[in-house]
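Here is a short briefing on one protein model.

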Amino acid sequence: MNDVIIIGGGPAGAAMGCYLSMAGIRNTIIEKANHPRPHVGESMVTSSTRIFEEIGFLKTMEETGFVKKYGATWHAPANRGKFSIEFAEFPQPGIHQDYTYHVDRGKFDHQLLKHAESMGSTVMQGVVAKRILFDGDQAVGVRVGLGDQEVDMFAKVIVDASGRGMLVGRQMRMIEKDPVFNQYAVHAWFTDLDKGDDHTRDHIHIYFLTVERGWVWQIPITEEITSVGVVVDKSVFSEFHENIEAYFNAQLQTNSNLAHTMRNAKRINEFKSEGDYSYSMRNFVGNGYLLVGDAARFVDPIFSSGVSIALYSAKYASECIVAAFEKNEFGTAVFQPYEDRLRQGAGVWYEFIRLYYKLLPLFTRFIANPEYRLQVLQLLQGEVFDRSEVPVLDAMRNYIETVEKSSSHIFRPQLADIPLE
Ligand SMILES: Cc1cc2nc3c(=O)[nH]c(=O)nc-3n(C[C@H](O)[C@H](O)[C@H](O)COP(=O)(O)OP(=O)(O)OC[C@H]3O[C@@H](n4cnc5c(N)ncnc54)[C@H](O)[C@@H]3O)c2cc1C
């Protein structure tokens, strides 16, 4: 019998496999696709490097030659220039390089899954987990589809790392859709962008659009290929009657810097779209099971937080699993510290995102403020697991309250209709 079955071989599942193998816990990863498979989510934050180093994967990241990401650049809708941050400004404990990576997720996820296998995980690809199995309220196994057969596999602990497949969330009907964000993303890869030749060439570029909560990402995948994605509220997309190309091109024209960058761009693969993507499960743990990465919680990707959250959730969940094996106790209580920690980290991202959308000029203002710049950088680099370390969020909140109370404030017309609680 396995000690642990992990459903899903994305970053959360593969990192979980590595941590468990390092602790001597036998684990099997069940992945429905055959890697490499395409995936959205191509730009990282620097905190991920700490995990790569811990699981011995940093060398592979370097050798694979992913594009190095030294910072991020934002562009206002009208041609009012751009502003940037560089990760080197805020050195992070335990991280010895001032860049992170942009990745082809097909390649990255494949490498990480192979790494998990080399560390000791048994990896089964092309195998679909159908449901988790319970004895009373204790999870005891997984029913999997192998071709046209169904087979039951058993383990002491089941980890759901199925991403937006949300296997356990669906099975247990515990998906809570976000009450505020209903964004929709359309994205594809392009060549022949005019990215200029200054030091921001390999940054992630975020272009603000004129529609509320609308933005575009530009992420270099190789020297030639760039991922471009448009994100807007679903209602804006509906106006185009689901004509993806017309919608995409219309949005590109609403930011003059973006229109310039894209003027000769050629699309090299099909458009893909993602909708309804902000949610949380009611619980992240139960008797004998834990949910990690997107299977537990997903927040809007404006700050490229997803892979980092997936990796840290695997790390923190694995610590509780190790404790469970030490105590030989597999009830909810032993896994609860993981849930509390992930709620805190994802909660900090969520609070930051909400304040950001509530008043866009606030972000620029706080980045430019010497008192707060480093704390904003700290957030942008993914150091989110201790709320007390980022009082800048309280300062942002207070600022918004001041704007709300003053009808003549210069930023008043830019306040979005988003509740802060
Ligand atoms: C529009 C958009 C843009 C994004 N941009 C970024 C970004 O720039 N940077 C960033 O860090 N994040 C970004 N993200 C988020 C990022 O994609 C995810 O947070 C990240 O992939 C989560 O990793 P995971 O391992 O939890 O899930 P996944 O990477 O989705 O992996 C889950 C795996 O489980 C497998 N699986 C699913 N169901 C089953 C089943 N029943 N049985 C077996 N296997 C199964 C899947 O095949 C998959 O391989 C973005 C997300 C969206 C929607």
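This predicted model holds 2 cavities of 30 Å³ or more. The largest pocket has a volume of about 1000 Å³.

**Cavity and pocket**

- Residues lining the largest cavity include Val45, Lys69, Ala72, Trp74, Ile85 and Phe87. The lining also takes in Ile204, Ile206, Ile302, Phe303, Ser304 and Leu380.
- Two or more residues of that cavity lining come from each of β4 (71–75) and β13 (204–208).
- The largest pocket, at about 1000 Å³, is lined by 50 residues. Closest to its centre are His39, Val40, Arg105, Arg164 and Asp294.
- Helices α1 (11–22) and α9 (306–327) each give two or more residues to the pocket lining.
- Strands β2 (27–31), β8 (128–135), β12 (183–191), β13, β14 (215–220) and β17 (272–275) also each give two or more.

**Domains**

- The domain assignment gives domain 1 as 2–66 + 103–177 + 278–345. Domain 2 covers 183–275, and domain 3 covers 359–414.
- The C-alpha centres of domain 2 and domain 3 are 26 Å apart.

**Cysteines**

- The disulfide count is 0. Cys18 is in no disulfide, and its nearest cysteine sulfur, that of Cys320, is 18 Å away.
- The cut-off for a disulfide is 2.5 Å between sulfur atoms.
- Cys18 is buried, with a relative accessible area of 0%. Cys320 is also buried, at 9% relative accessibility.

**Helix α11**

- Helix α11 spans residues 360–368. Its buried residues are Pro361, Leu362, Phe363, Phe366 and Ile367.
- These buried residues pack against strands β4 and β5 (82–86). They also pack against helices α10 (332–358), α12 (373–380) and α13 (392–405).

**Asp233**

- Asp233 lies in strand β15, which runs over residues 226–233.
- Is Asp233 buried or exposed? Asp233 counts as buried because its relative accessibility is 17%, and the limit for buried is under 20%.
- The side chain of Asp233 makes a polar contact with the side chain of Ser235, at 2.9 Å.
- Leaving out residues up to four places away in sequence, Asp233 touches Asn182, Gln183 and Arg213.

**Thr222**

- Thr222 sits in the loop between β14 and β15. Thr222 is partly exposed, with a relative accessible area of 29%.
- The side chain of Thr222 reaches two backbone nitrogens: that of Glu224 at 3.1 Å and that of Ile225 at 2.9 Å.
- Beyond its neighbours within four places in sequence, Thr222 is in contact with Val67 and Lys195.
- Thr222 and Val103 are 119 residues apart in sequence. In space, their C-alpha atoms are 8.4 Å apart.

**Backbone features**

- A cis peptide bond joins His35 and Pro36, with omega at about 5°. Pro36 belongs to the loop between β2 and α2 (47–54).
- Arg173 is not a glycine, yet has a positive phi of about 50°. Arg173 lies in the loop between α5 (167–171) and β11 (175–177). At 72% relative accessibility, Arg173 counts as exposed.
- Asp192 is not a glycine either, and has a positive phi of about 60°. The loop between β12 and β13 holds Asp192. Asp192 is partly exposed, at 42% relative accessible area.

Methods. Residues are numbered from 1 along each chain as its sequence is written. This is a predicted model: local features need pLDDT of at least 70, side-chain atom pairs count only at pLDDT 80 or more; totals for chains, interfaces and linings use all residues. Side-chain values use heavy atoms; hydrogens and water are left out. Domain bounds come from an automatic or database domain assignment. Buried means under 20% relative accessible area, exposed over 50%, partly exposed in between (1.4 Å probe, protein chains only). Helices (H or I, at least four residues) and strands (E, at least two) are DSSP runs, numbered from the N terminus. A polar contact is a pair of N or O atoms within 3.5 Å; within protein, one must be able to donate a hydrogen and the other to accept it, and residues adjacent in sequence count only if both atoms are side-chain atoms. Contact means heavy atoms within 4.5 Å. On a 1 Å grid over the protein atoms alone, a cavity is a set of points where a 1.4 Å probe fits but cannot get out, and a pocket is an open set with protein on both sides within 12 Å along at least five of seven lines; lining residues have an atom within 4 Å of a point. Grid points are joined across faces, edges and corners, and a volume is the space filled by probe spheres set on the points.
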